[in-house]
Amino acid sequence: MIKKILKYLILYILHFIIIKSTEVSIKNEEELNDILYNSNDNTLTININNNNDDIILSKDIIIYKDNIKKLCIQGISKESSILRFNEISKEFILNNSFEEFKLINVTLYGSLKFNNIKNVNLDNSVLHGTMKFDSSNTNNEMIEMNNFIYYLDTDITNNGIELYGNVTIKHSNFYGNSNCKESILYYNGGNINKIDISDSYFDGKYSNNCLSIYDAISSNISSSTFKNGGSYNGDGGGAIRIRRSISYINNCNFQNNYSITNGGIFDIRDSPMLYIDNIEASNSTAAERGSFLYIFSDYYVKTKAFIYNSKHQGIQTTQHSNHKGFIASVEGYTYLYMENFYSDNLYGGNGIGAFTLTQGSSIEIVTLEINVLTGHDTGGLLLTSYDEEVGATFILKGGTFVKMIQNEKDKPSAILIWISKNVDISVSDIIMEEINSYGKYLIYQGSPSTMEINNLEINYINTNRELILFRSESHSIVEKNIVILNNIHISNVSFLEGILSADYADITINNSTFEYMYNDYLDKEFKYISVSSSMIKLGLNSKLSINNSVFDSITEDIGFKSKNNTFITLNNCEISYCSFVQSIFMIDTNNEENLGHYSINNSKFFYNSGYNGGIINIKEIDSSSSVNFNFSTFENNFGSNYGGISYSTSYSSPLFVKFNNCTFIDNKSPYGSISYSLNKLSEPYYSNIDELKQIKNAFGTNPTKIKYINGPSDRVITVTSGSDIPNNIHFKLYDDYDVESNIFTFEHIDLSFERIIFFNIHVNDESNVYLKGQTVSYCWDTHCTLPAIKIIGNPGEYKLLLNFITYGIYDKFQNAFEIDLKIEECDTSKYLYQDILNINLKSCYSPKCDVSCNSGICANLNVCNCVDKRYKGIYCNEYYELERLNKFDIISKIIAIVLIVAVIIITIAVILYRNNPIIKSWFFIGIWLHACKNI
C-alpha cells in the first residue's frame with residue numbers, strides 16, 4: 001500500500017517537472033503570435049477572449065517549435081470567437097512536432113495545414129478555406145471532427161479538405177465552392193486507415209464531388225445527407241467516389257447529384273466490398289452510366305456490392321444518347337446484390353437501361369419495384385448488357401414494373417431485357433403493367449446464353465411497332481441458347497409479330513398462358529395496320545417443348561413456323577379461339593420456313609379458324625418434316641375455305657402427317673369439315689377414318705372428275721354444218737368421294753378473276769371442222785355450260801374437247817373432257833350448201849333475209865329475188881322509171897316562148913304610152929299585171 005502511494009507521488013512530481021502546461025488568453029494577433037512562437041510549454045491552451053471582435057491575422061502562422069506537443073485553441077463560441085486571415089489564401093501551418101491539435105468553439109477564415117500531426121480534433125468549430133494533411137506519413141494519425149462546419153472558401157484548388165490517417169466525422173456540415181475542381185473532402189487511407197462519417201451534411205453547390213475515399217481499409221458513412229454534388233472532371237461520382245476501399249453506407253439521403261460521366265451518386269472502382277443500406281436518393285443523374293451507382297472492378301479485385309432497402313427517385317436526361325444505367329451500371333468483374341429496391345420517375349431521355357452489365361459482372365436483385373421508366377435506344381429498359389464475357393449473370397427475384405415506355409423505333413430494342421451474349425438470366429415473380437412501347441422485343445437474348453423466366457405476368461402491352469415477346473438469336477449450333485419459360489401469363493398485346501422467335505435454341509415452356517394478342521393495330525388515322533406474323537418461329541437446329549400451356553384468342557398469319565432440323569412438342573396444351581390467316585401448322589418442304597417435326601399429345605383445339613385447314617396446312621412434305629397428333633381433341637374448329645382440320649396437296653401426307661386416336665366434334669368448313677385434300681391419296685392418316693366418314697361432308701377433295709349432266713341422252717352432239725350446238729349441255733365437277741364440288745356460288749365480295757374457272761372448246765380435227773363464236777367460257781353457279789358456238793365442217797364423226805385454262809379456287813385437276821360430235825350430210829333439196837365464210841368449208845343452211853323482201857322471194861342469206869315482180873331493188877321495194885313524151889315537151893316550149901314575147905311587147909308599149917289617159921286609168925296596167933301573173 002505504501003509502495004503504491006509512493007509510485008503515484010513520484011509520477012505526480014514528474015508531471016510538473018517534465019510536462020509544462022500553460023493556458024493563456026489572447027485578444028489580438030500579436031498576443032497569439034507571441035504565445036505560439038515564444039512559449040516553452042509542452043501543452044499549450046489558447047483561449048480566445050476578443051469581446052466578439054474578430055482577430056485579424058495578417059501573416060501565415062507557421063509553427064516549427066519542437067517543445068510544443070499539444071496545442072488547443074478554443075473560444076467561447078464559434079459565433080463570437082473568430083480568427084480571420086486578411087487573405088483567404090493564408091494558412092495556419094503546424095509541423096512535425098505536434099502530437100495533438102484541438103480547435104474548439106472557433107471560427108477560422110483561412111486554411112489549415114498539418115504536416116505529420118498525430119491527433120487532430122475539430123470540435124464545434126467553423127472553417128472557411130481549405131484543410132490539408134501531409135500525405136507522407138499516414139500511420140497512426142487520428143482526425144476527429146464533431147459539430148464541425150466547413151465552407152470551401154478559397155481560390156482555385158483541387159480539393160477543399162485532404163485527409164489521411166484514421167478519421168472520425170460526426171454531426172458536421174460541408175459546403176462546396178465552384179473554385180474547387182474536384183472534391184469537398186478527399187480521403188486517402190493508405191491501405192491501413194479508416195474513415196467514419198455519421199450524422200453529417202454535404203452540399204456540393206452543384207460544383208463539387210462531395211466525398212472521395214481512396215485506399216481505406218474501412219469507410220463507414222451513416223445517417224448523412226449529400227446534396228447538390230457534381231462531378232465534372234471525368235472521374236465520376238456526383239456525391240461519393242470510392243477507390244480500392246471497403247465501404248459501408250447506411251441511412252443516408254442523396255439529393256440533386258450529377259456526374260458528367262459515371263455515377264450520379266456513387267462511383268465505385270476496384271473496391272473489395274460495398275455495403276449500402278436504407279438509402280434514399282432523388283433527382284440524381286449521370287450523363288453516361290450509373291445514375292444511382294456506377295461500379296467497376298478488374299479481374300483480380302472482383303468487387304462484391306450489397307444494397308438493401310433503398311430508394312432512387314427522379315432522373316431526367318434528354319441530351320446524351322449514350323446514357324445507360326439509370327439505376328446502376330455494373331462493369332468489369334463485379335457482383336452486385338440488391339434487395340428491396342424502389343425506384344420511380346426514371347425518365348431516360350435518349351438513354352437506355354435501368355441496369356447495365358458488362359464483361360464478367362453479375363447482378364442479383366430480390367424485390368425490385370419501378371414506377372415509370374422510359375428509354376430511347378438500343379437495349380432493354382430494365383437491363384442492357386454489352387461486351388459480355390462468359391460467367392456474367394442477371395438474377396431477378398420479385399419485381400413490379402408499372403408504366404414502362406420504350407421509345408426507340410428505328411433501331412432494335414427491348415422493353416425489358418437485352419443481352420448480346422454470355423449472360424445467364426434468371427427472372428422470377430414479375431408483374432408488369434401499363435407498357436407502351438416502340439420496342440421490337442419484350443426480351444432479347446443473344447448467344448450463347450441461358451434464360452429462365454418464372455412467374456411473369458403482363459396484363460397489357462400497347463405497342464406501335466410489331467412486337468416479338470421473346471427473341472433468342474444465335475448463329476451457330478456450337479453457341480446454342482437455352483430458354484426456359486415457366487408460369488408466363490401475358491395478355492392484351494396489340495401489333496404482335498410473334499410470341500417466340502429463336503434460332504439454334506433449346507426451349508421449354510411450362511404452365512403458361514398467352515391470350516388476347518393481335519397482329520394489327522389502329523393508327524392515328526384510324527386505319528388498321530397489320531404485319532406478317534407467326535405465333536412461334538424457330539430457326540435451324542432448335543427444339544421446343546410446350547407443356548400444360550394455353551394459347552387463347554390470338555390472331556396471326558400462321559401459328560408455327562420452323563426451319564430444318566427443328567423438333568416441336570406440345571403436351572397437354574390448349575389452343576382456342578385463335579384466328580390464323582393461313583393455319584396453325586404450316587408444312588411445305590419447298591419453303592425453308594415451313595419445315596420441322598411436330599409431336600402434339602393430349603392437347604385440345606377449340607374454336608380456331610384458318611383459311612385452308614383450320615389446324616394444319618400441308619402443301620408438300622417429305623421425310624424432313626412430320627406431324628403427329630396423338631390423343632388430342634378438335635372441337636368447333638373452322639376452315640373458311642377448305643378443311644375444318646386439315647388441308648393437304650401432298651401425296652406424302654399419309655406417311656408423315658398422322659392423327660392417332662383423336663376426337664373430332666362439330667368442326668366446320670364449306671368443303672371437308674375435317675379434311676380436304678388434293679385426292680384420297682394425299683389425305684393425312686386418320687386412325688379412325690372409317691368412323692369419321694360417317695360424318696356428312698367430313699372428308700372432301702379437290703375435283704378429280706368431270707361429269708356430263710345435261711344434253712343429248714346419247715352424249716352425242718348431232719348437227720349439220722353451220723348449226724349451233726344445243727344450249728343446254730352442262731357438266732359438273734366431282735371429288736374423289738363422288739361428291740359434287742359446289743363451290744361456284746360466289747358472293748359479290750368474293751368475285752375476282754383469280755377465283756373463276758375458265759375453259760376453252762376445240763375439236764380434234766381442225767382441218768375439217770371450224771368452231772365459230774366465243775370458244776372460251778367460264779363456270780358459274782353450280783355447273784359449267786358449253787358456250788353457244790356454230791359448227792362448220794365436212795360430214796363425219798369428231799370429238800368436241802373441253803380443256804381448263806384456269807382452276808379458280810381449286811388446285812389443278814383433270815384437264816380434258818370429250819363429247820362426241822357428228823356432222824350430218826346436207827339435204828341440198830331443202831337447204832343451200834355453200835362456203836359462206838370463205839374458209840373452204842360449206843355450211844348447210846336455209847335462205848334467210850333479216851329484212852323483208854316484200855313482193856320478192858328470199859333466195860339466200862339476205863339476198864332477194866325480184867324477177868317478174870312489179871318492184872325492183874335489193875329488197876324488191878323500188879319502182880321502175882317512166883319514159884318521157886318528146887312531142888309534148890316541144891309544144892310546151894313553143895307556147896312558153898310566145899307568151900314571153902307578148903309580155904315583153906306589152907311592157908314596152910305601156911312604157912312608151914304611159915301618159916295616155918287610158919293607160920293612166922290603170923286599165924291597161926291591171927291587164928298587164930294580170931298577164932304577168934298568169935305567165
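Trainee: Is Cys858 buried, partly exposed or exposed?
Mentor: Cys858 counts as partly exposed, because its relative accessibility is 28%. Buried means under 20% relative accessible area, exposed over 50%, and partly exposed in between, with a 1.4 Å probe and protein chains only. This is a predicted model, where local features need pLDDT of at least 70, side-chain atom pairs count only at pLDDT 80 or more, and totals for chains, interfaces and linings use all residues. Residues are numbered from 1 along each chain as its sequence is written, and side-chain values use heavy atoms, with hydrogens and water left out.

Trainee: What is Cys858 joined to?
Mentor: Cys849, by a disulfide with an S to S distance of 2.3 Å. A disulfide here is a pair of cysteine sulfur atoms within 2.5 Å.

Trainee: Left- or right-handed, that link of Cys849 and Cys858?
Mentor: The torsion about the S-S bond is about 95°, so the link of Cys849 and Cys858 is right-handed.

Trainee: How many disulfides in total?
Mentor: The count comes to 5. Counting bonded cysteines along the chain, the pattern is 1-2, 3-4, 5-7, 6-8, 9-10.

Trainee: And which cysteine does Cys866 bond to?
Mentor: Cys876, at S to S 1.6 Å. That disulfide is left-handed, because its torsion is about -100°. Cys866 and Cys876 are both in the loop between β87 (863-865) and α5 (886-912), 10 residues apart. Cys876 is buried at 0% relative accessible area, and Cys866 is buried at 11%.

Trainee: Switching to α2. Which of its residues are buried?
Mentor: In α2 (residues 29-38), they are Glu29, Leu32, Ile35 and Leu36. They fall within an arc of 140° seen down the axis, so they line one face of the helix. The arc is that of the directions from the helix axis to the C-beta atoms. Helices (H or I, at least four residues) and strands (E, at least two) are DSSP runs, numbered from the N terminus.

Trainee: Last one: what order do the strands of the 3-strand open sheet have?
Mentor: The order is β25-β29-β33, with parallel pairing. The edge strands, β25 (230-231) and β33 (285-286), each pair on one side only. Two strands pair if DSSP finds at least two bridges between them; β29 (residues 258-259) and β33 have 2. Thr285 in β33 is the bridge partner of Tyr258.
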